Amino acid sequence: MSLQSSTPEALRVVNLLQERNLLPPGTVPAPTPCLPQDIQKVNCNPEVFRCTLTSIPQTQSLLNKAKLPMGLLLHPFKDLSQLPVVTSSTIVRCRSCRTYINPFVSFLDQRRWKCNLCYRINDVPEEFMYNPVSRSYGEPHKRPEVQNATIEFIAPSEYMLRPPQPAVYLFVLDVSHNAVETGYLNVFCQSLLDNISALPGDSRTKIGFITFDSTIHFYNLQEGLSQPQMLIVSDIEDVFLPTPDSLLVNLNECKELVEDLLKSLPHLFEKTMETQSALGSALQAAFKLLSPTGGRMSVFQTHLPNLGVGALQSREDPNQRASAKDIQHLSPATDFYKKLALDCSGQQVAVDLFLLSARYCDLASLGCISRYSAGSVYYYPSYHHQHNPAQVERFQKDLKRYLIRKIGFEAVMRIRCTKGLSIHTFHGNLFVRSTDLLSLPNVNPDAGFAVQMSIEENLDDMQVVSFQAALLYTSSKGERRIRVHTLCLPVVNSMSDIFSGADVQAITGLLACMAVDRSMAASLSDARDAMTNAAIDSLSSYRQSVLTIQQPGLLAPACLRLFPLYILALLKQKAFRTGTSTRLDDRVFAMYQLKYQPLAYTMLMIHPALYRVDDLTDEGALNINERTIPQPRVLQLSVEKLSREGAFLMDAGTVMYLWIGRNCNPNFLTHVLGVPNYAAVPENLYLLPELDTVESQRTKAFIGWLRDQRPFFPSLHVIRDESQLKASFMQNMIEDRTESALSYYEFLLHLQQQISK
């Protein structure tokens with residue numbers, strides 16, 4: 001079916017060499033699939049589930065011809081303000097392919113429904129005839145399961161392999177001299193003390209602690225002891241658990257002992273001269289402790305592990321940082337951490353890694369412990385309690401969210417799609433247990449996933465196809481739950497319809513995941529070439545197969561007008577840039593983030609948002625919870641857009657920069673920064689002062705609103721022309737030329753040259 005008539009804007013021809021102001025004033029919206037209104041009304045929210053192509057090609061050869069990647073991006077456990085929850089003894093599923101009943105199935109009559117993935121006809125169970133919401137009988141199509149694309153079931157006992165596990169939290173802390181120097185222990189202990197009552201769980205919740213340097217220290221927290229008892233195991237080659245039953249204890253019963261330990265821990269190691277780190281042995285000990293139950297292991301590490309199993313050597317050559325055409329050592333130096341992660345995954349243990357360090361730590365090796373166990377990695381370069389207060393603030397805020405956000409234990413996720421479609425590559429922190437079953441020992445609300453797809457059999461007779469992600473997990477209260485998301489998209493057979501449904505941000509996010517894999521499997525230069533070719537190939541295909549009138553210039557459909565800009569942004573992103581001095585751990589961390597952050601957050605890390613903020617007004621402002629939030633327009637990332645008279649905020653996802661022009665409006669300096677003139681702007685300012693002025697309120701409201709939209713805490717750096725951080729701010733000016741990278745206009749000329757070959 002042709003959808004041309006209804007979507008002229010997506011296919012409006014844009015000559016990129018002539019139209020410069022392509023950015024919309026605010027965020028780029030996800031395209032709306034061309035579906036009948038009644039279907040689209042109940043479709044899945046794109047923040048949870050979206051496809052790179054909102055119109056699915058009928059055949060693989062059509063997809064190949066379009067040269068656009070096809071895949072799904074998911075944010076399955078996202079915090080939702082509304083989530084229908086169904087308690088029912090029968091969960092209605094297709095007898096053949098096990099798809100959960102959803103809004104896109106069809107009812108042949110009251111008693112029979114047809115699966116939208118495999119087309120089998122199923123019986124409607126008697127219980128499903130009754131609708132608990134309207135309390136009426138005989139209208140199965142009005143049940144919540146058939147009215148909501150996202151729904152959660154409380155699962156009956158057949159969805160359990162064993163009784164649901166309790167919430168179990170084990171903290172593994174580096175206490176070497178280096179760790180004590182950074183001062184992170186005080187922040188960690190204080191944060192856990194402040195939030196200990198808010199840890200998700202119930203009366204069965206367990207907690208435990210291990211600290212390590214060149215030896216491993218356990219803490220006996222058994223009820224009845226007058227104070228915590230430290231037990232040291234110095235034989236790191238053969239770690240054993242000294243008192244297996246009292247190292248992981250019931251939090252409610254032993255809360256006072258746990259609090260005593262947290263108050264004394266920072267002082268226990270104050271004078272330590274231990275410089276060694278037996279991280280590998282500490283992880284093995286922690287694995288032994290958690291294996292019987294499963295749970296979450298939170299590991300805090302401040303330097304390269306250099307003793308016992310899993311010891312690493314520095315692989316970074318600082319002199320090679322900028323000049324090397326290809327970057328070495330993006331892959332792990334040892335398989336120790338991956339193997340241990342897979343053992344953890346098998347026992348329902350996920351490992352989260354907090355790396356707080358000023359020196360090279362080989363994140364490429366250490367990160368495997370989280371990557372394959374479905375954990376997350378947090379990285380605080382140059383962390384120090386006195387010299388880097390902005391990082392301390394970020395660590396505190398991130399840690400609070402980490403401790404109190406919801407968590408799912410012993411989870412698995414399966415993604416199903418209409419027959420004819422197949423899924424072949426998964427991205428994110430996970431382990432693929434069987435072809436389509438993802439093992440997620442823990443699932444958290446901030447994790448994103450992506451999958452690549454292909455078309456195995458022609459979708460000839462189909463108007464639409466559907467995708468369903470089902471996440472089975474144990475809640476922190478010990479309930480087995482299933483969260484199901486279903487997405488429906490139209491099938492098309494013309495190239496113009498495929499292009500008009502292209503979702504440029506989802507395509508960019510999926511290409512970034514593919515490029516990270518390519519960097520590790522082949523080389524960074526291969527990955528960079530592949531990204532550039534993705535832009536060349538898709539625009540060539542558009543030119544040859546969709547454009548009816550050939551005209552000069554670099555032409556793109558309006559829906560892909562930002563594609564070359566996003567590709568250039570990726571080439572200049574920390575993960576993939578060359579010619580700019582980039583620390584190896586910074587680069588690897590940027591790669592990790594591209595792979596597991598949900599799309600909404602990665603887009604800011606790829607293409608930051610720039611706003612002018614010295615002239616904020618209430619015109620067009622949002623009103624949220626009694627607060628007025630100004631809405632300045634997004635500016636192009638070019639020095640041309642800066643003015644010496646202004647102040648500009650750059651939001652790069654995990655960090656924000658407030659750049660102050662040399663002749664900045666004096667009103668802004670006094671009313672927002674609280675300083676009399678430009679020269680008085682302090683170096684290293686990261687907190688805006690509390691001032692009772694309209695300008696201050698507007699600026700703080702806007703920055704606060706931006707921060708509230710993401711689960712991690714971006715630090716703010718106020719910078720002026722002399723600031724050290726000015727270079728980082730300028731590196732994000734993607735449209736400008738640098739010594740080692742093309743400007744946006746030069747990149748467009750390069751693409752045009754390749755396309756017209």
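What volume does the second largest pocket have? The second largest pocket has a volume of about 1,100 Å³. The model shown here is predicted: local features need pLDDT of at least 70, side-chain atom pairs count only at pLDDT 80 or more, and totals for chains, interfaces and linings use all residues. Residues are numbered from 1 along each chain as its sequence is written, and side-chain values use heavy atoms, with hydrogens and water left out.

**View 1. The second largest pocket lies between domain 1 and domain 4.** Domain 1 (1–30 + 503–607 + 738–756) and domain 4 (608–732) both give residues to its lining, so the pocket sits between them. Domain bounds come from an automatic or database domain assignment. A pocket is an open set of points on a 1 Å grid over the protein atoms alone, with protein on both sides within 12 Å along at least five of seven lines; lining residues have an atom within 4 Å of a point. The lining holds 48 residues, and T27, Q505, A600, M603 and Q709 lie nearest the centre. Helix α18 gives the largest share, 6 residues. By class, 30 are nonpolar, 11 polar and 7 charged.

**View 2. The largest pocket has a volume of about 1,400 Å³.** Its lining has 46 residues; K574, V655, Y657, L725 and S728 lie nearest its centre. Elements that give two or more residues include β19 (377–381), α12 (389–404) and α17 (584–596). The lining divides into 21 nonpolar, 17 polar and 8 charged residues.

**View 3. The largest cavity holds about 250 Å³ of space.** A cavity is a set of grid points where a 1.4 Å probe fits but cannot get out. V377, Y378, Y596, Q597 and F712 are the closest to its centre, out of 19 lining residues. β19, α12 and α17 each supply at least two of the lining residues. The classes are 9 nonpolar, 5 polar and 5 charged.

**View 4. The largest nonpolar core has 198 residues.** Such a core is a set of buried Ala, Val, Leu, Ile, Met, Phe, Trp, Tyr and Cys residues joined through side-chain atoms within 4.5 Å; buried means under 20% relative accessible area (1.4 Å probe, protein chains only). F467, L658 and L673 touch the most other members. The largest share of this core, 9 residues, comes from α14. Beyond four places in sequence, the contacts of F467 (heavy atoms within 4.5 Å) include F49, I56, L72 and R416.

Methods: Grid points are joined across faces, edges and corners, and a volume is the space filled by probe spheres set on the points. Helices (H or I, at least four residues) and strands (E, at least two) are DSSP runs, numbered from the N terminus. Ala, Val, Leu, Ile, Met, Phe, Trp, Tyr, Cys and Pro count as nonpolar, Asp, Glu, Lys and Arg as charged, and the others, Gly among them, as polar. Buried means under 20% relative accessible area, exposed over 50%, partly exposed in between (1.4 Å probe, protein chains only).
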